[in-house]
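Subject: Structure for you to look at

Dear colleague,

I am passing on the structure we spoke of, and would be glad if you kept it open while reading the notes that come after it.

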Amino acid sequence: MLEALWDRRALLVSGKGGVGKTTLSAALAVAAARSGRSVLLVEMAPDEGGPSALGALVGARDVGPKVTRVRPGLSFVRLAASEGHRRFLQDTLPLRWLAEAALRSRALRRFLEAGPALREMGLLYQMLALLRRTRPDGRFEYPLSIIDLPATGHALAIAALPRTVLALMPGGPIGRSVQEGLDFLQDPARSAVLLTSLPEPLPVSEALALASELERLELPLTAAVLNRMPEDPFTPESHAAVQRLLATHGPHQGARALARLERARAARARLAAGLQVPLLTLPELPVTGPELVERLAEVFTPRELAEPTREAAP
Ligand SMILES: Nc1ncnc2c1ncn2[C@@H]1O[C@H](COP(=O)(O)OP(=O)(O)OP(=O)(O)O)[C@@H](O)[C@H]1O
Ligand SMILES: [Mg+2]
């Protein structure tokens with residue numbers, strides 16, 4: 001299932017707050033770089049400044065609008081909305097002085113900073129510029145980008161926006177540029193949206209709601225990731241015995257752990273049943289930060305991915 005993902009130009013990691021989007025984005029990027037790919041890991045900064053959670057996970061020292069190389073095959077960039085607005089206007093408004101005048105206008109700046117949808121437009125615009133960038137030999141500079149989307153509301157605004165903007169200004173340079181972004185995001189050959197969830201009732205409900213929203217926006221939901229699945233310490237055979245033991249011994253910490261496991265299983269089953277895409281399960285691990293990222297990356301680095309595929313010997 002994962003092999004097919006790496007052929008996309010952009011992997012968009014979506015999900016509700018706190019489900020592990022940033023961790024997963026970093027782990028995917030590390031895995032892709034390990035398997036010999038050239039990856040650009042993209043953080044969409046809601047505001048300028050502040051520490052970069054994603055940058056810290058991959059050890060990026062420089063966090064800003066300039067792409068920096070973090071390790072072989074892995075580059076990192078943090079995109080800020082306001083920078084995107086500036087470039088967007090400069091590139092789309094026909095005359096430079098017009099763009100500059102527009103940027104100097106307080107009214108326009110306020111307009112650009114209003115509403116998450118317009119913020120997303122600035123981000124989307126910069127992302128597209130990076131995706132388009134080519135090397136002297138004509139190949140893409142960043143063949144694969146992994147994008148840590150801001151929590152649900154904003155992430156959806158990215159896709160909802162183009163229609164709004166297109167309706168306002170079809171045909172013009174701004175409309176055309178936004179249309180290009182929309183075409184890219186909606187093309188399942190180039191983009192893949194990953195939906196992240198936790199194995200609990202509410203996150204699963206939220207993930208299912210997000211899945212229908214993605215469908216409505218015609219975004220290519222390609223796979224779901226159930227993150228932080230608790231480990232099952234028992235073999236299937238010992239389960240019944242443990243249950244019997246717990247039944248006769250009253251409240252016990254083991255009973256709580258088992259109940260949590262049962263809830264997680266039920267949540268996973270509900271998520272799998274509600275989606276038409278493959279569901280990948282990631283374990284809950286007792287580590288955090290870069291160490292967690294490295295361990296999860298191993299899940300995405302099966303041998304066939306790490307080594308170029310070879311024809312079977314005759
Ligand atoms: N598989 C895992 N095992 C253990 N802890 C995890 C796992 N995945 C994520 N975490 C922890 O869960 C917390 C939230 O993760 P993360 O910041 O990646 O979520 P997020 O979806 O990006 O959150 P936000 O919506 O706030 O950006 C972090 O403390 C992270 O270390
Ligand atoms: Mg995050």
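Predicted model: local features only at pLDDT ≥ 70, side-chain atom pairs only at ≥ 80, totals over all residues.

Residues are numbered from 1 along each chain as its sequence is written, chains are lettered from A and ligands numbered from 1 in the order in which they are written, and side-chain values use heavy atoms, with hydrogens and water left out.

Ligand 1 is surrounded by 15 residues, the closest being Lys21, Thr22, Thr23, Asn227 and Arg228 (a residue counts if one of its heavy atoms lies within 4 Å). Among the polar contacts (pairs of N or O atoms within 3.5 Å), a polar side-chain atom of threonine 23 lies 2.6 Å from an oxygen atom of ligand 1. A nitrogen atom of ligand 1 is 2.9 Å from a side-chain N or O atom of asparagine 227, and a backbone N or O atom of proline 283 lies 2.9 Å from a nitrogen atom of ligand 1.

Helix 2 (residues 21–34) packs against helix 13 (residues 289–299) at an angle of about 60°, with the axes 8 Å apart (axes are lines fitted to C-alpha atoms over the stretch in contact, and angles run from 0 to 180 degrees between N-to-C directions). That makes helix 2 oblique to helix 13 (angles under 35 degrees count as roughly parallel, over 145 as roughly antiparallel, 65 to 115 as roughly perpendicular and the rest as oblique). The contact (heavy atoms within 4.5 Å) is made by Thr23, Ala26, Ala27, Val30, Ala31 and Arg34 of helix 2 and by Leu292, Val293, Glu294, Leu296, Ala297 and Glu298 of helix 13.

The axes of helix 11 (residues 236–248) and helix 12 (residues 253–274) come within 10 Å and cross at roughly 130°, which makes helix 11 oblique to helix 12. On the side of helix 11 the contact involves His239, Val242, Gln243 and Leu246, and on that of helix 12 Gly254, Ala255, Leu258, Leu261, Glu262 and Arg265.

Helix 12 also packs with helix 10 (residues 201–216), here at an angle of about 10° and with the axes 9 Å apart, and the two are therefore roughly parallel to each other. Pro201, Val204, Ser205, Ala207 and Leu208 in helix 10 meet Ala267, Arg270, Leu271 and Gly274 in helix 12.

Notes. Helix = DSSP H or I, 4+ residues; strand = E, 2+ residues; numbered from the N terminus. Polar contact = N/O pair within 3.5 Å; in protein donor to acceptor, adjacent residues only side chain to side chain.
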